[in-house]
Amino acid sequence: MMSLFVNKKNLNTVVLESKYMINYALPIIFCQAGFMSLGMVDAAMLGNLGVEELSASAIARSIFWPFVVFVIGVLFSVDVLASHTLGAKRKNELAKIFISGIQLGLALSFLLIILILTSVNYLNLFVENTVVLKHAKIYLTYICVSLPCLILTAVIQRFCLSQGFRSLFVIIIIISNLMNYFFNKALIFGEYGFNSYGMLGAAIATNCSRILIFIMNAIVVYYVINKEEHLRIKIKDFFILQKNIIKKMLKIGIPSGGQQIFEVALFSLLTLLAARLTTNQIAAHHILIMLLSFSYTLPLGLANAVSFRVGYLIGEGDLEKAKLSGFISVILGLFLMIIACIILYIYS
């Protein structure tokens with residue numbers, strides 16, 4: 001790999017690839033950070049509602065997100081296959097990849113709902129405070145309503161980003177954060193003429209935000225599909241199972257999802273262990289975890305960008321540039337996390 005840096009020509013290639021990677025990654029990082037900020041706004045609102053409500057949301061999220069992150073990790077295979085196919089100039093296969101992603105996402109989302117609703121019955125193993133337990137059960141039960149929208153949004157974004165559509169998602173995430181703030185104020189505290197629903201209102205606000213995000217993403221993918229002739233899809237196509245493509249997705253996605261779930265499960269386990277502490281301590285722990293998770297969006301967004309780029313280059317047959325792109329992403333990821341560490345240290 002170091003031989004790539006020997007002469008001026010190779011150095012220019014490194015600079016150009018770095019610029020391309022940064023320009024490609026920045027909108028994705030912004031979207032990841034914006035998506036994380038939705039949860040941070042919810043936490044801030046619930047903190048104003050009460051410490052017990054904030055603690056309950058922390059416990060509910062520690063159950064909810066490991067399951068979801070695993071499925072989203074599995075669906076990372078959508079952009080890997082799509083970018084690889086695009087690089088290999090096999091555009092006629094892209095529509096089948098998108099349809100298979102939707103099919104797999106729907107199947108996994110309904111499986112998740114069953115698992116999460118089952119886990120609600122076992123929250124008492126971790127939570128001793130009866131008020132916190134009651135709020136956690138309400139919140140965890142109701143946020144499952146919009147889970148299919150959340151998973152399908154991930155599929156749509158993975159596919160569209162692999163096709164080079166990024167700027168529209170930046171606009172969507174900005175609108176989503178503004179609307180999420182409105183939904184929380186309206187449904188938790190009863191502002192703007194709405195009734196106050198407290199903890200239940202927080203769950204409904206989360207569902208409204210996810211449904212809104214899904215609708216906006218569906219509009220974007222409809223635009224993308226109709227813009228390109230090779231992406232035209234008929235309704236009946238969604239009822240045709242592409243077994244070979246789904247098998248490839250599972251083969252690529254399960255290791256990816258497994259890695260992601262272990263990373264997130266560590267934070268979730270700590271939260272569940274902290275559930276036996278006082279409500280103030282649980283709430284403080286949740287705030288700290290959310291700040292740390294927010295910093296994680298930087299390398300995660302970069303990882304998404306490099307998966308598109310490397311997949312495309314491999315499909316194109318340019319293995320040397322694919323290696324270079326992967327190497328550059330590691331350096332950029334290290335640089336981003338050093339910055340995040342410095343900021344967290346300064347403001348801690």
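User: How many helices and how many strands are there in the protein chain?

Analyst: This is a predicted model. Its protein chain has eleven helices and zero strands. Read from the N terminus, the order of elements is α-α-α-α-α-α-α-α-α-α-α.

User: What does the radius of gyration of the protein chain agree with?

Analyst: The value is set against what a compact globule of equal length would give. For 348 residues that would be near 20 Å, and the protein chain has 21 Å, so the two agree. Along the principal axes, the C-alpha atoms fill a box of roughly 65 × 55 × 40 Å.

User: What share of the residues in the protein chain is buried?

Analyst: A residue counts as buried when its relative accessible area is under 20%. In the protein chain, 50% of the 348 residues are buried. The chain exposes about 17,100 Å², and carbon and sulfur atoms supply 70% of that area.

User: Which share of the contacts joins residues 24 or more positions apart?

Analyst: Take the contacts in the protein chain with a separation of 6 or more: residues 24 or more positions apart account for 81% of them. Thr85 and Ile314 give a case of distance in sequence against distance in space. They are 229 residues apart in sequence, while their C-alpha atoms are 9.3 Å apart.

User: Where is Thr85 found, and is Thr85 buried or exposed?

Analyst: Thr85 sits in helix α3, residues 76-87. Its relative accessible area is 3%, so Thr85 is buried. Leaving out residues up to four places away in sequence, Thr85 touches Arg90, Glu93, Leu94 and Ile97.

User: How many aromatic pairs does the structure hold?

Analyst: A pair of aromatic rings is described by two values, the distance of the centres and the angle of the planes. The structure holds five such pairs. One of them is Phe64 with Trp65, an edge-to-face pair with 5.3 Å from centre to centre and 85° between the planes. Phe64 has a relative accessible area of 0% and is buried. Trp65, at 19% relative accessibility, counts as buried too, because the cut-off is under 20%.

User: What is the geometry of the pair formed by Phe98 and Phe159?

Analyst: That pair is tilted, with 5.0 Å centre to centre and 45° between the planes. Phe98 lies in helix α4 (residues 94-120) and Phe159 in helix α6 (residues 147-162), so the pair ties together parts that are 61 residues apart in sequence.

User: Which residues do ring pairs link into a cluster?

Analyst: The cluster consists of Phe182, Phe183, Tyr192 and Phe194. Tyr192 has its place in the loop between α7 (167-189) and α8 (198-227). At 48% relative accessibility, Tyr192 counts as partly exposed.

User: What is the phi of Tyr192 near, and what is the phi of Lys89?

Analyst: For Tyr192, phi is near 60°, a positive value in a residue other than glycine. Lys89 is not a glycine either, and its phi is positive at about 65°. Lys89 lies in the loop between α3 and α4. With a relative accessible area of 56%, Lys89 is exposed.

User: How many positive and how many negative side chains does the protein chain have?

Analyst: There are 26 positive and 15 negative side chains in the protein chain. To see how the two sets are placed, compare their centres, which lie 7 Å apart.

Methods
Residues numbered from 1 in each chain as written. Predicted model: local features only at pLDDT ≥ 70, side-chain atom pairs only at ≥ 80, totals over all residues. Heavy atoms only, no water. Helix = DSSP H or I, 4+ residues; strand = E, 2+ residues; numbered from the N terminus. Rg over C-alpha atoms; globule rule 2.2 N^0.38 Å. Buried < 20%, exposed > 50% of the residue type's maximum accessible area, 1.4 Å probe, protein only. Contact = heavy atoms within 4.5 Å. Areas by Shrake-Rupley, 256 points an atom, 1.4 Å probe, with all protein chains shown as cover. Lys, Arg positive; Asp, Glu negative; His and termini not counted. Charge placed at Lys NZ, Arg CZ, Asp CG, Glu CD. Phe/Tyr/Trp six-rings, centres within 6.5 Å; stacked < 30°, edge-to-face > 60°.
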